[in-house]
Amino acid sequence: MSAFWQVLCLNGRNTLSLQKFSTMEQRKVRVRFAPSPTGPLHIGGVRTALYNYLFARQNGGDMILRIEDTDSRRFVPGAEEYIKESLEWLGIKFDEGVGYGGEYGPYKQSERRDIYRKYTQDLLDAGKAYIAFDTPEELEAARAEVPNFQYDATTRGRMRNSLTMPEEEVKKLIADGHQYVVRIKIEPNEDVVVDDLVRGKVTINSSILDDKVLYKSADDLPTYHLANIVDDHLMKVSHVIRGEEWLPSAPLHVLLYRAFGWEDTMPQFVHLPLLLKPVGNGKLSKRDGDKLGFPVFPLEWHDPKSGEISSGYREKGYLPEAVVNFLALLGWNPGDDSELMSMDELISKFSFAHCSKAGAKFDYKKGIWFNHEYLMKKSDEELCQLFKPILEEKGISGYSDEYIGRALGMVKGRANLVPDLWDQADFFFVAPESYAEKDVKKRWSEDTPRIMGELVEVLKGIDDMTSANAEKIVLDWIAEKGYHLGNVMNAFRLAVVGACRGPHMFDITEIMPKEEVIARIERAVEKIGK
């Protein structure tokens, strides 16, 4: 946030402005998430969508998906579908909007041109806006001539617009096809109050605002400022919950509501803290993720223009409930020591009173911790379903769900992400082709092949391979023979697993077919030798 806005926010820094919310309690809560299809959905946008969802559900309200596609030059094919799939994966559900229907459609701004034309004309007719014909070259010349130039009450009188030109000339230029824009006419020296549920009341003077462009004839579409105000009003949005980066636009939006005479239906503003870099200063960016090895997008993104592939949380093996829990706590706290919370728990605890004004450091390592904790809570059956795509990708089949689940249940404590399960459990599905050199050197001696041969005969004689029974029989045999327990068991593990790693050895042999265990020991004796 700029120093300018930091100063302004001091007005309400220590008091949460809830007055307006109390006056709206009888108005149904309706929030909207309105992304632009200009690329993949950034994780900061996901958090904004999540906070909208939590607030709407907590208050029995509606959540709208609106697509802001008025900037045709920045449109990226596939981005809209990507956004919807991302939010569906995370369990963030909509009640109406693009792909969901509803009585206030259409929900794509590019399909609402007629609506925007009408309200643009209403502002012009009321003298709240005006038409400007200034070319880019003329605007650039004005900026060069006037230090800190902005198009406002002090400069518009010298520019080419409907306030300085005869009406007939304006009509002729339009009729001849000259491009123009419509600008809001901001009156100077008026206090504008932005009432925000996180930042309190912020008051600024209108003299520091410029006459923003509301509509461009070049593409017959409004700018963000007009489209959002009109849509929020017509869709009966009660709360506009968005990132802090939109805070400088809030005074203009207040003035637009005032210009339309819609003060009584103005939504409550909520500007959320920024997500900050894990290291250093500034806003979280894709470059931070690339540098430190974590995703900044919910799903993997394939850029249709450059061909670049950006990693996603889903493809990296994160669980959606872990990502949701992690994001919820970036800029908000439940008011107690709770950390692991389901979506329902987050809904019940959520409150803007516990949102931070300061930006939240994106602690990606904490995100990994959350995923580990949620992975640990998964049942064997759930782990099996998560793991099956990995087996399919590797061309492995023929294992029962029970076997897969039991194997993963033994190793999940060593995994943070779903792909880690393969790193920990691979030997359950693929016999070792090689053996860890350092373990061979340390755990395999010239006597080992003979002892392993004896172990094979012991195992052949065991009918009940449950962990406790097999362990007792094998350990009794080792004691009877006077063998070194550690040497025998480590060689046993090396032969079956391929390295001295993994869960309790007899838990492994309980679920692994006895014939497979014996075959692996015999193969190790043959390959390692001595």
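Author: Contact here means heavy atoms within 4.5 Å. The model is predicted, so local features need pLDDT of at least 70 and side-chain atom pairs pLDDT 80 or more, while totals for chains, interfaces and linings use all residues. Numbering starts from 1 along each chain as its sequence is written, and side-chain values use heavy atoms, without hydrogens or water.

Start with R47. It sits in helix α3, residues 43-58 (helices are DSSP runs of H or I, at least four residues; strands are runs of E, at least two; both are numbered from the N terminus). R47 is buried (under 20% relative accessible area; exposed is over 50%, partly exposed in between; 1.4 Å probe, protein chains only). Yet R47 has no salt bridge (a side-chain nitrogen of Lys or Arg within 4 Å of a carboxyl oxygen of Asp or Glu). The nearest side chain of opposite charge is E245, 6.7 Å away. Instead, the side chain of R47 reaches the backbone oxygen of L330 at 2.7 Å. Beyond neighbours within four places in sequence, R47 touches L272, P273, L274, L275, L327, L330 and G331.

One of those residues, L327, is a buried residue of α12. Helix α12 spans residues 320-328, and eight of its nine residues are buried, so the rest of the structure largely encloses it. Its buried set also includes P320, V323, N325 and F326. These buried residues pack against α3, α4 (79-89), α11 (313-316), α13 (343-349) and α14.

Now K378. It lies in the loop between α14 (364-376) and α15 (380-393). K378 counts as buried because its relative accessibility is 15%. The side chains of K378 and E321 are joined by a polar contact of 2.6 Å. Outside the four places on either side in sequence, K378 contacts L319, E321, L383, L386 and K412.

Salt bridges come to 41. R156 and D211 form one, at 2.7 Å from N to O. R156 is in the loop between α6 (136-145) and α7 (167-175), and D211 in the loop between β7 (200-205) and β8 (213-216), so the pair ties together parts 55 residues apart in sequence. Both R156 and D211 are buried.

E308 pairs with K286 at 2.9 Å between the closest N and O atoms. The two are 22 residues apart, E308 in the loop between β13 (301-302) and β14 (309-310), K286 in helix α10 (residues 286-292). E308 is partly exposed, at 40%. K286 is partly exposed too, at 22%.

Definitions and conventions:
Lys and Arg count as positive and Asp and Glu as negative; His and the chain ends are not counted. A polar contact is a pair of N or O atoms within 3.5 Å; within protein, one must be able to donate a hydrogen and the other to accept it, and residues adjacent in sequence count only if both atoms are side-chain atoms.
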